[in-house]
Amino acid sequence: MYENKSQAELYDRLYQDRKDYEAEAAQVAGFIRGRKPDAASLLDVACGTGIHLAAFAKIFDRAAGIDLSQWMADLAFERLAGVPVHQGDMRSFDLGETFDAVVCMFSSIGYLRTVEDLDSAVRAMTRHLVEDGVLAIEPWYFPDNFLPGYVSTHAFKDGDQGISRVSHSTREGNVTRMEIHYVVADAGTGIQHRSEVDYLTLFSREEYTNAFRKSGLDVEYVETGGGRPGFFLGTRK
Ligand SMILES: C[S@@+](CC[C@H](N)C(=O)[O-])C[C@H]1O[C@@H](n2cnc3c(N)ncnc32)[C@H](O)[C@@H]1O
């Protein structure tokens with residue numbers, strides 16, 4: 001996943017068109033300030049190319065990001081002058097500093113494979129929270145609301161290029177297998193096709209809730225609507 005520069009760049013262009021990052025960041029900032037009104041610092045874990053992080057950096061006085069993929073982190077670094085962006089694994093990172101809020105957006109947590117990994121990631125994120133800080137994790141879908149056979153499509157024109165993405169998702173045990181095909185038509189070089197298969201774990205509500213509790217957080221689940229999977233919100237006691 002995102003193992004070279006062109007994959008990271010395609011992700012960046014596609015999702016800027018596909019998602020309303022500013023609105024999502026504002027919604028999560030609302031969840032955070034509703035629980036910690038004086039929250040002034042935020043860490044975005046699995047920040048990708050930093051599109052939410054750019055919006056968070058306008059809302060919070062101090063913001064930082066971390067991502068497993070050096071290619072994604074590099075694009076985030078280029079986007080965000082003055083905002084620290086680290087490379088690291090959400091299961092084990094240690095930045096040696098704390099934040100009023102830690103977020104993990106767009107179901108990035110679903111890329112973890114096991115409950116042990118989920119517990120480790122929530123523990124590592126919690127270690128980066130101040131006392132009474134807020135952890136906000138956007139999960140992947142749950143075993144009982146994932147729709148096998150789900151198809152999504154997206155196409156748009158960006159300058160001299162046409163970009164399209166289709167995906168088809170199936171269920172294999174407690175994992176979603178999402179096959180994604182991209183077709184990019186470039187005015188100069190013609191049409192290129194690429195594909196990838198992503199695996200996202202269908203952790204249960206209880207597995208998320210337990211991970212938060214084991215890390216010493218009070219936890220609640222909130223719906224977001226818009227076909228998105230909601231948020232788990234934790235407050236450090
Ligand atoms: C769907 S993208 C979301 C990126 C960004 N949050 C966004 O909303 O555009 C998933 C991200 O999770 C990152 N990721 C996957 N596993 C990770 C791990 N173990 N630790 C940190 N980041 C991880 C990937 O590199 C990728 O950037």
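1. A nonpolar core, as the term is used in this note, is a set of buried Ala, Val, Leu, Ile, Met, Phe, Trp, Tyr and Cys residues joined through C-beta atoms within 7 Å. A residue is called buried if 20 or more other C-beta atoms lie within 10 Å of its own, exposed if 12 or fewer do, and partly exposed in between, with the C-beta atoms placed from the backbone. The largest such core here has 62 residues, and those with the most contacts inside it are Val45, Ala101, Val102, Val103, Cys104 and Ala136. Helix 3 (residues 51-59) gives the most to this core, contributing six residues.

2. Two remarks on the basis of the note follow. The model is predicted, and local features need pLDDT of at least 70, side-chain atom pairs count only at pLDDT 80 or more, while totals for chains, interfaces and linings use all residues. Residues are numbered from 1 along each chain as its sequence is written.

3. The C-alpha atoms fill a box of roughly 55 × 45 × 30 Å along the principal axes, and 35% of the 237 residues count as buried.

4. With two residues taken to be in contact if their C-beta atoms, placed from the backbone, lie within 7 Å, residues 24 or more positions apart account for 61% of the contacts in the chain with a separation of 6 or more. Val45, leaving aside its neighbours within four places in sequence, is in contact with Ile66, Met90, Val102, Val103, Cys104 and Met125.

5. The chain is divided into domain 1 (5-140 + 203-236) and domain 2 (151-201), with bounds that come from an automatic or database domain assignment. The contact between them takes twelve residues from domain 1 and eight residues from domain 2, and the C-alpha centres of the two domains lie 24 Å apart.

6. Helix 4 (residues 70-79) holds Met72, and its buried residues are Trp71, Met72, Ala73, Leu75 and Ala76. These buried residues pack against helix 1 (5-18), helix 3, strand 2 (62-67) and strand 3 (85-87). Met72 counts as buried because 25 other C-beta atoms lie within 10 Å; leaving aside its neighbours within four places in sequence, Met72 is in contact with Tyr2, Ala8, Gly48, Thr49 and Asp67.

7. Around the ligand there are 19 residues, of which Ala46, Gly48, Leu68, Phe106 and Ser108 come nearest, a residue being near if its C-beta atom, placed from the backbone, lies within 6 Å of the molecule. By class, this shell has twelve nonpolar, four polar and three charged residues, with Ala, Val, Leu, Ile, Met, Phe, Trp, Tyr, Cys and Pro counted as nonpolar, Asp, Glu, Lys and Arg as charged, and the others, Gly among them, as polar.

8. The loop between strand 4 (99-104) and helix 5 (115-127) contains Phe106, whose phi is near 55 degrees, a positive value in a residue other than glycine. Ser107 lies in the loop between strand 4 and helix 5, and its phi, near 60 degrees, is positive too. Most residues other than glycine have a negative phi. Phe106 is partly exposed, with 19 C-beta neighbours inside 10 Å, and Ser107 is partly exposed with 17.

Technical notes. Helices (H or I, at least four residues) and strands (E, at least two) are DSSP runs, numbered from the N terminus.
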